[in-house]
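I'll jot things down as I look them up.

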Amino acid sequence: MVRALKQEHVYKHPWERVTSASWRKFTEPENKRVLSHILEVDTLNQKLDSESGKLYTTRAVTVHAPGPWFVRKIVGQDICHCVETTVVDAQTRSMQIRSRNISLQKFIEVEEKIRYDPHPDNPNTWTLCRQETSISIKPLSALASMAEKIEQKCAERFLQNSAKGREVMERICKYLEAESRGISF
């Protein structure tokens with residue numbers, strides 16, 4: 001099942017200001033309280049193409065894993081790692097951001113695309129933001145993986161209990177051996 005969300009928003013600020021704000025949204029302390037699901041953002045690569053004038057950036061984004069707590073417990077992960085790629089074209093005044101998760105992919109795939117362009121009706125003072133998000137849950141593999149995790153936990157518990165059972169059996173055998181020799185405890 002794939003769910004697609006599309007949104008548009010008009011910032012009543014020029015493109016340069018909006019794109020500058022986009023770079024700073026994860027770094028300022030007061031934003032970290034609001035964006036508390038964002039745990040860490042690290043720039044992996046940044047390159048300016050001298051021919052085209054485009055800036056290419058790749059960042060690693062670590063977030064709290066989506067979904068309710070019991071799903072995170074079953075999946076065994078509280079965090080999700082994502083990759084964000086950004087292309088800024090100052091000549092055409094366009095900024096495109098694409099984010100996707102690289103962990104938890106056998107359960108869920110999320111891809112977000114954001115594009116900032118000057119607003120067609122007021123290009124010098126407004127910015128149009130188009131955002132598309134695609135969310136795909138993989139129920140069969142999630143169920144299979146969940147069953148696998150439960151199976152693994154059951155197997156671990158079985159092994160622990162078997163060891164305890166063998167320990168008890170050893171103790172009883174030693175007791176019986178001592179009893180057969182007429183030694184009492």
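**Entry 1**

I started with Glu84, which sits in strand β4 (residues 79–89). I kept in mind that I'm reading a predicted model. Is Glu84 buried or exposed? I found it buried, since its relative accessibility is 6% and the cut-off for buried is under 20%.

Next I wanted to know what the side chain of Glu84 meets. It makes a polar contact of 2.7 Å with the side chain of Arg59. The salt-bridge search lists Arg59 and Glu84 as well, at 2.7 Å from N to O. I noted where the two partners come from: Arg59 is in strand β3 (residues 54–64) and Glu84 in strand β4, 25 residues apart, so I logged this as a link between distant parts of the chain.

Leaving out residues up to four places away in sequence, Glu84 touches Phe26, Thr57, Thr58, Arg59, Val61, Ile97, Arg98 and Ser99.

**Entry 1: the overall layout**

I stepped back to get my bearings. The protein has four helices and seven strands. In sequence order they run β-α-α-β-β-α-β-β-β-β-α.

How much of the protein is buried? I got 24% of the 185 residues. The accessible surface is about 13,200 Å², and carbon and sulfur atoms account for 56% of that. I looked at contacts too: of those between residues at least 6 apart in sequence, 48% join residues at least 24 apart.

How many salt bridges does a search of the whole structure find? It finds seven. I picked out a couple that share Arg130.

One of them joins the side chains of Glu8 and Arg130, at 3.4 Å from N to O. Glu8 is in strand β1 and Arg130 in strand β7 (residues 127–137), so this pair ties together parts that are 122 residues apart in sequence. I checked how open each partner is. Glu8 is exposed, with a relative accessible area of 57%, while Arg130 counts as partly exposed at 37%.

Arg130 also forms a salt bridge with Asp117, and here the closest N and O atoms are 3.8 Å apart. Asp117 lies in strand β6 and Arg130 in strand β7, so the parts tied together are 13 residues apart in sequence. Asp117 is buried, at 11% relative accessible area.

Which residues make up the network of salt bridges? I have Glu8, Arg115, Asp117 and Arg130 linked in it.

**Entry 2: the tyrosine pair**

I ran through the aromatic rings next, and the whole structure gives one aromatic pair. The partners are Tyr11 and Tyr116, with 6.3 Å between the centres and 50° between the planes, and the pair is tilted.

Is Tyr116 buried or exposed? It is buried, with a relative accessible area of 5%. Tyr11 counts as partly exposed, at 30% relative accessibility.

**Entry 3: Arg93**

I came to Arg93 by way of Tyr116, one of the residues it touches. Is Arg93 buried or exposed? It counts as buried, because its relative accessibility is 18% and buried means under 20%.

I looked up its polar partners. The side chain of Arg93 makes a polar contact with the side chain of Glu16, at 3.2 Å. A polar atom of the Arg93 side chain also lies 3.4 Å from the backbone oxygen of Pro123.

Other residues that Arg93 touches include Trp15, Asp117, Pro118 and Asn124, not counting residues up to four places away in sequence.

**Entry 4: a patch on the surface**

Which residues make the nonpolar surface patch? Ile172, Tyr175 and Leu176 do, and the patch covers about 280 Å². I followed up on Tyr175, which lies in helix α4 (residues 139–180). Tyr175 is partly exposed, at 40% relative accessible area.

Terms used: Residues are numbered from 1 along each chain as its sequence is written. This is a predicted model: local features need pLDDT of at least 70, side-chain atom pairs count only at pLDDT 80 or more; totals for chains, interfaces and linings use all residues. Side-chain values use heavy atoms; hydrogens and water are left out. Rings of Phe, Tyr and Trp (its six-membered ring) pair if their centres lie within 6.5 Å; planes under 30 degrees apart count as stacked, over 60 as edge-to-face and the rest as tilted. Buried means under 20% relative accessible area, exposed over 50%, partly exposed in between (1.4 Å probe, protein chains only). Helices (H or I, at least four residues) and strands (E, at least two) are DSSP runs, numbered from the N terminus. A polar contact is a pair of N or O atoms within 3.5 Å; within protein, one must be able to donate a hydrogen and the other to accept it, and residues adjacent in sequence count only if both atoms are side-chain atoms. Contact means heavy atoms within 4.5 Å. Patches are made of residues with over 30% relative accessible area and no salt bridge: like charges are joined within 9 Å, nonpolar side chains (Val, Leu, Ile, Met, Phe, Trp, Tyr) within 5 Å. Accessible areas come from the Shrake-Rupley method with a 1.4 Å probe; for residues, only the protein chains shown count as cover. A salt bridge is a side-chain nitrogen of Lys or Arg within 4 Å of a carboxyl oxygen of Asp or Glu.
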